[in-house]
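I opened the model and kept notes as I went. Here are the entries.

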Amino acid sequence: SVYRSYKRHNVESLMFHGCRSQVNENAIVHEGFRADKCCSGGPNFGTWFTHTSSYSDQNNFAFVDQNGWRHLFVCLVSKYDMKTDNGSMRVVGQGGAYPQWIVCYRYA
């Protein structure tokens, strides 16, 4: 299961991750975050997360479905195989994050 591959560390944070398509969202739900599928930072670099949801929302990382609902993952992110953490973003390698929930929302 996806949760069993998650590597807990002594520090965990709730963080946000957006993806730009339903295909990517489904893959994360079924397979977890896979560093070998990441494009940002180079091959197998890691998966990017933000401490604030507004970053993912305002920078068009939130997937928008056919009904206008925006989707963001709320994730458990450890410091296992951490590549960077600059206070606003954290990048972790394989096993460093778990997709806890998908939040769906739209603007009023």
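**Ground rules.** I took helices (H or I, at least four residues) and strands (E, at least two) as DSSP runs, numbered from the N terminus. I called a residue buried under 20% relative accessible area, exposed over 50%, and partly exposed in between (1.4 Å probe, protein chains only). The model is predicted, so local features need pLDDT of at least 70 and side-chain atom pairs count only at pLDDT 80 or more, while totals for chains, interfaces and linings use all residues. Residues are numbered from 1 along each chain as its sequence is written, and side-chain values use heavy atoms, with hydrogens and water left out.

**Strand β1.** I began with residues 12-17. Which residues make up the covered face of β1? I found Ser13, Met15 and His17 there. Glu12, Leu14 and Phe16 are on the uncovered face. In a regular strand the side chains alternate between the two faces of the sheet.

Next I looked for the pairing partner. I counted two strands as paired if DSSP finds at least two bridges between them. β1 pairs with β4 (residues 70-78) in the antiparallel sense, over six bridges. Phe16 has Val74 of β4 opposite.

**His17.** This residue belongs to β1. Is His17 buried or exposed? I read a relative accessible area of 12% for His17, so this residue is buried. Then I checked polar contacts: pairs of N or O atoms within 3.5 Å, where within protein one must be able to donate a hydrogen and the other to accept it, and residues adjacent in sequence count only if both atoms are side-chain atoms. A polar side-chain atom of His17 lies 2.8 Å from the backbone oxygen of Trp48.

I listed contacts too (heavy atoms within 4.5 Å). Setting aside residues up to four places away in sequence, His17 touches Ile28, Phe33, Thr47, Trp48, Phe49, Ser56, Leu72, Phe73 and Cys75.

**Core.** I defined a nonpolar core as a set of buried Ala, Val, Leu, Ile, Met, Phe, Trp, Tyr and Cys residues joined through side-chain atoms within 4.5 Å. The largest one has ten residues: Met15, Cys19, Ile28, Phe33, Phe49, Phe73, Cys75, Val77, Val92 and Ala97. β4 gives the most to this core, with three residues. I then opened the contacts of Cys19, leaving aside neighbours within four places in sequence. They are Asn24, Glu25, Ile28, Phe61, Ala62, Phe63 and Phe73.

**Cysteines.** How many disulfides does the structure hold? My search gave zero. The test was a pair of cysteine sulfur atoms within 2.5 Å. A disulfide is a covalent bond between the sulfur atoms of two cysteines. For Cys75, the closest cysteine sulfur is in Cys19, 9.6 Å away, so it is too far for a bond. Cys75 is buried, at 0% relative accessibility. The sulfur of Cys104 also has Cys19 as the closest cysteine sulfur, at 11 Å, too far for a bond. Cys104 is partly exposed, at 41%.

**Salt bridges.** My criterion was a side-chain nitrogen of Lys or Arg within 4 Å of a carboxyl oxygen of Asp or Glu. The whole structure has six. I noted three of them.

- Arg8 meets Glu12 at 3.1 Å, N to O. Arg8 is partly exposed at 47%, and Glu12 is partly exposed at 31%.
- Asp36 meets Arg34 at 2.6 Å, N to O. Asp36 is partly exposed at 43%, and Arg34 is partly exposed at 28%.
- Asp81 meets Lys83, with the closest N and O atoms 3.3 Å apart. Asp81 is partly exposed at 36%, and Lys83 is partly exposed at 37%.

Shared partners join Glu31, Arg34 and Asp36 into one network of salt bridges.

**Met82.** I found this residue in strand β5 (residues 82-85). Met82 is partly exposed, at 34% relative accessibility. What C-alpha distance separates Met82 from Val92, ten residues apart along the chain? I got 4.3 Å. Neighbours within four places aside, Met82 is in contact with Arg90, Val91 and Val92.

**Gly68.** My last stop was the loop between β3 (63-64) and β4, where Gly68 sits. Gly68 is partly exposed, with a relative accessible area of 31%. Gly68 touches Tyr105 and Arg106, not counting residues up to four places away in sequence. Gly68 and Phe16 are 52 residues apart in sequence, and their C-alpha atoms are 19 Å apart.
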